[in-house]
Amino acid sequence: MKNIKIFLQSLMCTLPFIASAQLVEPAALTQEIEISYSKTTTLVFPHPVLSVDRGSADVLAQKAKGVENVLQLKAAQEDFMETNLTVITKGGMLYCFPLCYNEHPQLLTLSFTAKDHPGKLVLDDGLVNAEEVQRNALLARGDRSKAKIYRQEEYGISLALTGRYIQDDIIYYRVRLSNETPIGYDIGQLRFFVRDQKRSKRTASQELEILPVAVIPDAQKIAPHSELTVVYALPKFTIPDKKNLIIELVEKGGGRHLQLKLKSRKAAKVISLPTF
């Protein structure tokens, strides 16, 4: 019954475009997606997103700042009725997704690939070479220059921002994660987002997540009595006055969550990436 329902929803999404098939290709994918009120689900497409249609106002959708092919989803309210999302990307590709609510989605990132741009990231100003981003992230990770360190500690866990670099259109944030406890820390998420200094009623515009285009290394756990250094490559961004940059570390299956808050003036202090 569930498969039949998904098929019918896919058919309904595709029918309006059959008459203009010379302009829009058939649907590239129909896949059910779970979204949550407290977590962001990210869709990465092979081409820039041109159009987004939500079946319900219970769904919040926005393109990631500075990245044209990344769409972020979140529920506006808990336990909403099943709905759908239609996305059209450059090149005339149509994606139709049934959406349902799950506070703990099985997948938080879905990536749809294409052969025409392998290893490329689609930014506002064009394509960025993924291998170059990785090399630059390793340079940022190994840099020994002294920099102002911002740190948040709680539960025996430490989240520290130890360096901020820029190269071309990418900002590299170097983060040191420490675990001084005998219990391993499973990393659920490490998020970067811009938030108003004074928070009011929940809206789509008052909290903007900045999605990394690369994470080096892609660590999943902080072992007991250990630390690790991770570099997050982010599309360049600026933070207006009266807003803060929030770096949030969330424990998977636990409650040891940390937030590091930086005012716009501090977050804007980046240096050029070392070239050695």
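These legends describe an overview and several close-up views of a predicted model.

Residues are numbered from 1 along each chain as its sequence is written. Because the model is predicted, local features need pLDDT of at least 70 and side-chain atom pairs count only at pLDDT 80 or more, while totals for chains, interfaces and linings use all residues, and side-chain values rest on heavy atoms, with hydrogens and water left out.

**Overview. The chain holds 3 helices and 22 strands.** Helices (H or I, at least four residues) and strands (E, at least two) are DSSP runs, numbered from the N terminus. Of the 276 residues, 44% count as buried, where buried means under 20% relative accessible area, exposed over 50%, and partly exposed in between (1.4 Å probe, protein chains only). Among contacts (heavy atoms within 4.5 Å) with a separation of 6 or more, 67% come from residues 24 or more positions apart.

**View 1. Arg191 and Glu248 meet through their side chains in a salt bridge, at 2.8 Å from N to O.** Arg191 lies in strand β15 (residues 185-196) and Glu248 in strand β20, so the pair ties together parts that are 57 residues apart in sequence. Both Arg191 and Glu248 are buried. A salt bridge is here a side-chain nitrogen of Lys or Arg within 4 Å of a carboxyl oxygen of Asp or Glu, and the whole structure has 4 of them.

**View 2. The side chains of Arg256 and Glu251 form a salt bridge with an N to O distance of 2.7 Å.** Arg256 is buried, with a relative accessible area of 13%, and Glu251 also counts as buried, at 10% relative accessibility.

**View 3. Lys63 is joined to Glu68 by a salt bridge whose closest N and O atoms are 3.3 Å apart.** Lys63 counts as partly exposed at 33% relative accessibility, and Glu68 likewise counts as partly exposed, at 24%.

**View 4. Asn244 is found in strand β20, which covers residues 243-251.** Asn244 counts as buried because its relative accessibility is 7%. Leaving aside residues up to four places away in sequence, Asn244 touches Phe193, Val194, Arg195, Gln197, Ile239, Lys261, Leu262 and Lys263; of these, Lys263 has its place in strand β21 (residues 258-263).

**View 5. Lys261, Lys263, Arg265 and Lys269 gather on the surface in a patch of positive charge.** Such a patch is made of residues with over 30% relative accessible area and no salt bridge, like charges being joined within 9 Å, with the place of a charge taken as NZ of Lys or CZ of Arg.

Note on methods: Patches are made of residues with over 30% relative accessible area and no salt bridge: like charges are joined within 9 Å, nonpolar side chains (Val, Leu, Ile, Met, Phe, Trp, Tyr) within 5 Å. Accessible areas come from the Shrake-Rupley method with a 1.4 Å probe; for residues, only the protein chains shown count as cover. Lys and Arg count as positive and Asp and Glu as negative; His and the chain ends are not counted.
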